[in-house]
Amino acid sequence: MSSTREVLEVDVLFVGAGPASLVGALSLQKQLAANGMDNISIAIIEKGREVHSHALSGAVFIPRAIRELYPDFDTICNIPKAEVTKDSVYFLTEKAKLKFPITPPPLQNHGSYVLSLQNLVAWLGQKVEEAGINLFPSFPAAELLYENDHVVGVRTRDQGIDKDGKEKANYQPGVDIRAKVTVLGEGPRGTLAKTLIEKKGLQNGRSPQVYAIGVKEVWEAPHNRAGEVMHTMGFPLDTRTMGGGFLYFMPDNLVSIGLIVGLDYLDPFLDPHHEFQRLKAHPLIREILQHGKMVSYGAKTIPEAGLYAMPQMYSDGCLLIGDTAGFQNVMKLKGIHLAMKSGMLAAETIVNAFKKNDFSATTLHEYESRFKTSWAHEEMRQGRNFHQAWEHGLIPALFNAGLQFLTGGWGFKERKHFAAGHTRLRKIADHYGEPKRDEKYSSLVFDRHLTVDKVTDVFNAYNLHDENQPVHLLIADYDICNNRCTVEYGNPCRHFCPANVYEMVHEASGKSQLHLNPSNCVHCKTCDIMDPYQIITWVPPEGGSGPNYRNL
Ligand code: SF4
């Protein structure tokens, strides 16, 4: 029962409705109107069920970019938001805490807002609709369309295919959306961006991107501390692992708590979700949460390697924005404002492309020049070596970070080289000095209130996945998983996935085989990034699948 493939024509297509695309589209429309070019059509497609379903961040939001678009943002944006009133940083050991006497300048947040990115994205989504920009949720882009090696749009994913690849009664082939400029704002490790970067060599001569995973929950707590921001270092992570915890106090007695772990850790048994549970059990955090109730859970990856790991951000017919292009101030743990600015810079570039009627790289490369002369570049330059400073662990990193702050990001070297995160993961025998059983978390007990297992947490991500659809995690070679990886790394996918998608199931034959639970997936892309053999490819499931985050 095949149907004909529909073709839609737009002038500019944004892929992914994060802050970069939404602000980019709004800025573009405003600039087009100012130039008398109202006839140019803009569309945004988003894989989530609603525009904000997959939006997740800390979040402490710097309103610098949005105020350029909406100078009255602070008054017109009516979502719950609290101005930061207090910052603190703690160093934790397993039972104790040490408060920093002074909050390091990069972690001072006065002038920013504590808010939920979801609410902000929902608000921006309304603005987009009010502006008459076409916004299509539940539309996952599956592949880029090319003509003569020039990107000319995307093909969305087919709907109504069963788990064996057969067409169901509701089968609809994906739509070809053709555009003069396609802007990829897919978030970290974008599916289309990954293929484009590879095909066009956009990472050549640049450092590899290194990511972190952020695992977070939102709690209702019986106290109102809206506007307080806390960061933690040390426990539960060992001193060789990059990362730390955060607690952001939102309005309405909501507390955002999370742990960030660099996806260049060494220990193959490390489990970011379990480390997060250990963080919540620390006396400092327990006291805050113990009379509260967890209401929401989610995880996402963050591009952390900074300026020198950004790919070439343009190609014929295409631009990369936001997390997809690596816009992130790692030193300040902030990316939303930079993502927005990237969308605005892309918009300026696109306006000029329409003026010249040239959508090739010859014109679109202006996007990088605009970035280089913007405050976003200057901000990222300050933190250009920050993640790399963690290569030798926490103590050298603290020293190096201080030096970088004093030297405008230089530290010991203008440009510090580093390897892709998955290449640092050690084999069990190398890390522990001998073959070892996986017992790292055998003493971890989930009390089902303060600490919970992954399946319970996923329940609070409000996931929706039709089980009868093709698996969206493509494993290139199960033999490697079931044999070589079991011996060498102990199947670390079971640990780095924060949603219990990967399990080793013991079979009657006496062997364990990899089993997937794709409907648990919260679309964080960690498996695509951290798999030591790089044989996992995440592709979008049917439109509307995945988490339906709340207040994240
Ligand atoms: Fe994240 Fe991959 Fe697990 Fe999905 S399967 S939640 S993308 S690690």
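Me: Which side chain does a polar contact of 2.7 Å join to that of H337?
Reply: The partner is E379, whose side chain is joined to that of H337 by a polar contact of 2.7 Å, where a polar contact is a pair of N or O atoms within 3.5 Å, and within protein one must be able to donate a hydrogen and the other to accept it, while residues adjacent in sequence count only if both atoms are side-chain atoms. This is a predicted model, in which local features need pLDDT of at least 70 and side-chain atom pairs count only at pLDDT 80 or more, whereas totals for chains, interfaces and linings use all residues. Residues are numbered from 1 along each chain as its sequence is written, and side-chain values use heavy atoms, with hydrogens and water left out.

Me: Is H337 buried or exposed?
Reply: H337 counts as buried because its relative accessibility is 2%; buried means under 20% relative accessible area, exposed over 50%, and partly exposed in between, with a 1.4 Å probe and protein chains only. H337 is found in helix α9, helices (H or I, at least four residues) and strands (E, at least two) being DSSP runs numbered from the N terminus.

Me: What else is H337 in contact with?
Reply: Leaving aside neighbours within four places in sequence, H337 is in contact with F61, I62, A65, W375 and E379, contact meaning heavy atoms within 4.5 Å.

Me: Switching to α1, how many of its residues are buried?
Reply: Helix α1 is mostly covered, with 12 of its 16 residues buried, and among them are P19, L22, L26 and L32. The buried residues of α1 pack against β2, β3, α2, α4, α8 and α9, and α9 is also the helix in which H337 is found.

Me: And what does α1 reach from its first C-alpha to its last?
Reply: Helix α1, residues 19–34, reaches 22 Å, close to the 22 Å expected, where the expected span is 1.5 Å times one less than the number of residues. After α1 comes G36, whose phi is positive, near 65°.

Me: Where is the place of M250?
Reply: M250 sits in the loop between β18 (243–249) and β19 (254–262), and M250 is buried, with a relative accessible area of 5%. Not counting residues up to four places away in sequence, M250 touches V114, L115, S116, V218, A226, S256 and N551.

Me: Which strands pair with β19 in the antiparallel sense?
Reply: Strand β16 (residues 211–220) pairs with β19 over 9 bridges, and β18 pairs with β19 over 7 bridges, both in the antiparallel sense; two strands pair if DSSP finds at least two bridges between them. In the β18 and β19 hairpin, which has 4 residues between the strands, D252 takes a positive phi near 60°.

Me: Why is β19 largely enclosed?
Reply: Strand β19 is largely enclosed by the rest of the structure because 9 of its 9 residues are buried. L254, S256, G258, I260 and G262 point one way from β19, while V255, I257, L259 and V261 point the other way.

Me: Last topic, what happens at the start of α6?
Reply: There, a side-chain oxygen of D271 reaches to within 3.0 Å of the backbone nitrogen of H273. Helix α6, residues 272–280, is mostly covered, with 8 of its 9 residues buried, and H273 is one of those buried residues.
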